[in-house]
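Here are my notes on this one, point by point. Have the model open while you read, and start with the contacts in the first point.

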Amino acid sequence: MLSISFSFFRQRNLMSLREIETCYYLLIEFKKLLMNDTPDPKHLEETRYRLGGYYYDVLLPRLKKEDAKKVLQIEHYLQNDILQTLPLNKVMGN
């Protein structure tokens, strides 16, 4: 019984097939938007919202605490000039 309570607190790192398929679908949608010179703003905002939700609901909980803190500081192109951010190449170790 004691081992069950410890497994409750373990970080879940494996992704289900459905989560992987969702990630693949969202990445394909994002790629289409990047390739389109004049994307539909409504579709762009919907895809951005869905990507953000997937990130916060599925990916972020699987990261270690210190990695999640770094990821949240990655610079976002022209998002907010006041935020203290990190360039992506520093996070990736380049």
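1. Start at Glu-29, which touches His-43 and Thr-47 once residues up to four places away in sequence are left out; contact here means heavy atoms within 4.5 Å. Glu-29 sits in helix 2, and at 10% relative accessibility it counts as buried. For the burial words, the cut-offs are under 20% relative accessible area for buried, over 50% for exposed, and partly exposed in between, with a 1.4 Å probe and protein chains only.

2. A word on provenance: this is a predicted model, where local features need pLDDT of at least 70 and side-chain atom pairs count only at pLDDT 80 or more, while totals for chains, interfaces and linings use all residues. Residues are numbered from 1 along each chain as its sequence is written, and side-chain values use heavy atoms, with hydrogens and water left out.

3. Helices (H or I, at least four residues) and strands (E, at least two) are DSSP runs, numbered from the N terminus. Of the 94 residues in the chain, 12% are buried. Among contacts with a separation of 6 or more, 44% are between residues 24 or more positions apart. The accessible surface of the chain comes to about 8,700 Å², and 61% of that belongs to carbon and sulfur atoms; the areas come from the Shrake-Rupley method with a 1.4 Å probe, and for residues only the protein chains shown count as cover.

4. Now helix 2 (17–35). Its 19 residues should span 27 Å at 1.5 Å a residue, and the end C-alpha atoms are 27 Å apart, which agrees. The expected span is 1.5 Å times one less than the number of residues. Which residues of helix 2 are buried? They are Glu-19, Leu-26, Glu-29 and Leu-33. These cover an arc of only 90° around the axis, which puts them on the same side of helix 2; the arc is that of the directions from the helix axis to the C-beta atoms. The face turned away from that buried side carries the exposed residues Leu-17, Tyr-24, Leu-34 and Met-35.

5. Helix 3 (residues 41–59) also has 19 residues, which should span 27 Å at 1.5 Å a residue; here the end C-alpha atoms are 25 Å apart, which agrees. Buried in helix 3 are Thr-47, Tyr-54 and Val-58. They cover an arc of only 35° around the axis, and that puts them on the same side of helix 3. Turned away from the buried side is a face with the exposed residues Pro-41, Lys-42, Arg-48, Tyr-49, Tyr-56 and Asp-57.

6. What covers the buried residues of these two helices? For helix 2, the cover includes helix 3.

7. Next, the charged pairs. Side chains of opposite charge can pair when their charged atoms come close. The structure holds four salt bridges, a salt bridge being a side-chain nitrogen of Lys or Arg within 4 Å of a carboxyl oxygen of Asp or Glu. One of them joins the side chains of Glu-19 and Arg-62 (2.9 Å, N to O). Glu-19 lies in helix 2 and Arg-62 in the loop between helix 3 and helix 4 (65–71), so the pair ties together parts that are 43 residues apart in sequence. Both partners are worth a look: Glu-19 counts as buried at 14% relative accessibility, and Arg-62 counts as buried at 10%.

8. Back to Glu-29, which forms a salt bridge with Lys-32, the closest N and O atoms being 3.4 Å apart. Being three residues apart in helix 2, Glu-29 and Lys-32 are separated by about one helical turn.

9. In helix 3, Glu-46 and Arg-50 are four residues apart, and are separated by about one helical turn. Their side chains meet in a salt bridge (3.9 Å, N to O).

10. Last, the rings. The structure holds one aromatic pair. The rings of Tyr-55 and Tyr-56 have their centres 5.0 Å apart and their planes at 80°, so the pair is edge-to-face. The rule is that rings of Phe, Tyr and Trp (its six-membered ring) pair if their centres lie within 6.5 Å, with planes under 30 degrees apart counted as stacked, over 60 as edge-to-face and the rest as tilted.
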